[in-house]
Amino acid sequence: MIDIDWRQVFSQIALYFGAALIALVCGFPLLWMVLTSVRPDRDILTATPKFWSFDYHWQHYVNLFDLTDFHIYFVNSITVAGSATLFTIFVATLAAYGITRFRFGGRNAIAAGMLFTYMFAPILIIVPFYILMRSAGLVNSKLGLVFAYTTFSLPFSMWLLRAFFQSIPLDLEEAAMTDGASRPKAVALVIVPLALPGVIAVSIFTFIVAWNDYLFARVLINDNELKTLPIGMDDLYNATVTDWGMMMAGGVVITIPALVFFILVQRYLIAGWGAGAVKG
Amino acid sequence: MAAVLPDQVLAVPVRRRALSTQPRRLPESTWGYLLILPAVLLVLGLILYPVVYSGWLSFHNKHAYLPIETFIGFSNFANMFGDGEFWRSIELGAIYGIGSVGLQIVVGVSAALLLNETFIGRTFIRGVALFPYMVPTVVVVILMKWILNDAYGVLPYILKTIGIGEDILWLDTTHVMLTVILISTWTFFPFVVIGTLARLQTIDPELYAAAKVDGAGVVRRFIHVTLPQLRNVLFVVILLRFMFMFTKFDVIWLLNGSSGVGYYTRTLPIYTYIKTFGQLQVGAGAAMSMFMFLMLVCFAMVYFRVFRRDEDI
């Protein structure tokens, strides 16, 4: 006779049921977005939603790029997020290298103080930030946005890179310099490649901060030509009777870069989370 | 990954002898300051200075566009405290903050416990569970408006089919707060999962084995082994989540904007934004930001005093 441990069976069933529930709750809305984006309107606008249908097309994507200014917003978002990412990596690398490789008074206090600002939400400073940017002539300019995103990702980025740099033994760059490499060359060819996971994590973090931001863009940008995706999309949604198929197509296009980056660095991001927020 | 390296590596002293093979005129400390200068300037100029400037503005009557700027002492604060809408925004903010953080923690920790078990397809489900967190907020909100749409939405249809919550209009005045809490929970709970799961994976299995030998069941093992181990990570996660949710702007604003329904989700960040950029009263807006800032500082201090034990962190 086979002895069945019913408690074991029950807990296994509960486990798979829970896993399915997580997959459904997290995955279904996104699946629904993709499905809506490739269906003709007659399959979208029905009181009994269709879970299965066989008629698919790309028309909503074509309309999105042909009939709206979505492509402008897309290019703006790429430009701003890309510049902010490069700028952040440069500034954060300098700072993290300075902190880990040189001794100077107050370096740990400065690092801790910078990290403290990670808790500052944009809404807390948006009022003076706007006035400040206006007097600097950076309202309605992509440069103003790049500054905003760089500054807001710096504290976390610097902290993360610092942890990576600390784990790289000094001997390596000493060896490179003994072999005749200049210090900047040693950093670029020895240190940065070794800290690459950290650099990648920082890039993704900054890129996503810039890619997702709504508040700074809303406050700083007025010209349609300068809008980034979050505010452009919001305005498209509010402009006319909602074309749901096209809106979902836009949602898919905006989500893909974030998704791809996230999948690429998921490992590093979790590692960074461990190095940053938990152990500190 | 950096965190698992021994501390000895981190403490390697800077050896000047070997490093100074290159001719260098500047002393070491100057180099350090120079390298960190751009970062410090950016944070000082664009985060800390605005906070101070905000304090200055809060004592002034300043218009957003017109050149009006007069010192009015504590009038902005007096007006603020006398404004019923301000207190209402704090109340709504508390409902939103406590509701969404509470749900995120409950859902996030439950999901993390489940994802820590062994089952077929675990890696895949772990990936799917992080989905909501990486979808840009503007997409989350428009997608949810579509899913909850009262005429064509798929969720009302599903609920009607299984016979619960048939006639709920998710985006009307009575339900909109619940809806915005649920949407926020959906998109932010993976943050809790990431932190909790990372910690769960480092719990020594022998602790469970020992508890089992002592005859502890599933529930008691959770209460006496898992929870104490999660204490530190939850301490940080709850603090961060509360800070973030209490100052959350985009989800709420994108869902309702300045529409009539938006009045029922007008939390402090939303009201601050409306004061500043809608009513153009920069001074009054600055006073509200300062108040929000001080509230957060007080909250953090009380939180640390009450929940932090010295041996913990």
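Modeller: In this predicted model, the side chains of A:Arg218 and A:Asp235 meet in a salt bridge, with an N to O distance of 2.6 Å. This pair links distant parts of the chain, since A:Arg218 sits in helix H11 of chain A and A:Asp235 in helix H12 of chain A, 17 residues apart. A:Arg218 also meets A:Asp234 through its side chain, again in a salt bridge, here at 3.3 Å from N to O. Helix H11 of chain A, which covers residues 215-220, holds A:Arg218, while helix H12 of chain A, residues 229-239, holds A:Asp234, so this pair ties together parts that are 16 residues apart in sequence. A network of salt bridges links A:Arg218, A:Lys227, A:Asp234 and A:Asp235.

As for burial, A:Arg218 has a relative accessibility of 17% and therefore counts as buried, the cut-off for that class being under 20%. A:Asp234 is buried as well. A:Asp235, by contrast, is partly exposed because its relative accessible area is 22%, a value that falls between the 20% limit for buried and the 50% limit for exposed.

Over all chains, the count by this rule comes to nine salt bridges. One of them is in chain B, where B:Glu69 and B:Lys62 form a salt bridge whose closest N and O atoms are 3.0 Å apart. Of these two residues, B:Glu69 counts as partly exposed because its relative accessibility is 42%, whereas B:Lys62, with a relative accessible area of 10%, is therefore buried.

On the side of chain B that touches chain A, helix H3 of chain B (residues 28-57) gives the most, with 22 residues. The residues of that side divide into 81 nonpolar, 15 polar and seven charged. The contact as a whole takes 103 residues from chain B and 102 residues from chain A, and the area buried between the two chains is about 9200 Å², of which carbon and sulfur atoms give 80%.

A:Ser153 lies in helix H7 of chain A, residues 142-166, and counts as buried because its relative accessibility is 0%. A polar atom of the A:Ser153 side chain lies 2.4 Å from the backbone oxygen of A:Tyr149, and, leaving aside neighbours within four places in sequence, A:Ser153 is in contact with A:Thr88, A:Phe205 and A:Thr206. A:Trp52, on the other hand, has its place in the loop between helix H2 (41-44) and helix H3 (59-67) of chain A, and with a relative accessibility of 74% it counts as exposed. A:Trp52 and A:Leu35 are 17 residues apart in sequence, with their C-alpha atoms 9.6 Å apart in space.

The mean pLDDT of chain A is 86, and 94% of its residues reach 70 or more. Over residues 272-280 of chain A, however, the pLDDT is below 50, although this stretch has 20 contacts in the model beyond near neighbours in sequence.

Definitions and conventions:
Residues numbered from 1 in each chain as written. Chains lettered and ligands numbered in written order. Heavy atoms only, no water. pLDDT = per-residue confidence, 0-100. Contact = heavy atoms within 4.5 Å. Helix = DSSP H or I, 4+ residues; strand = E, 2+ residues; numbered from the N terminus. Buried < 20%, exposed > 50% of the residue type's maximum accessible area, 1.4 Å probe, protein only. Polar contact = N/O pair within 3.5 Å; in protein donor to acceptor, adjacent residues only side chain to side chain. Buried area = accessible area lost by both parts, 1.4 Å probe. Nonpolar A, V, L, I, M, F, W, Y, C, P; charged D, E, K, R; others polar. Salt bridge = Lys/Arg side-chain N within 4 Å of Asp/Glu carboxyl O.
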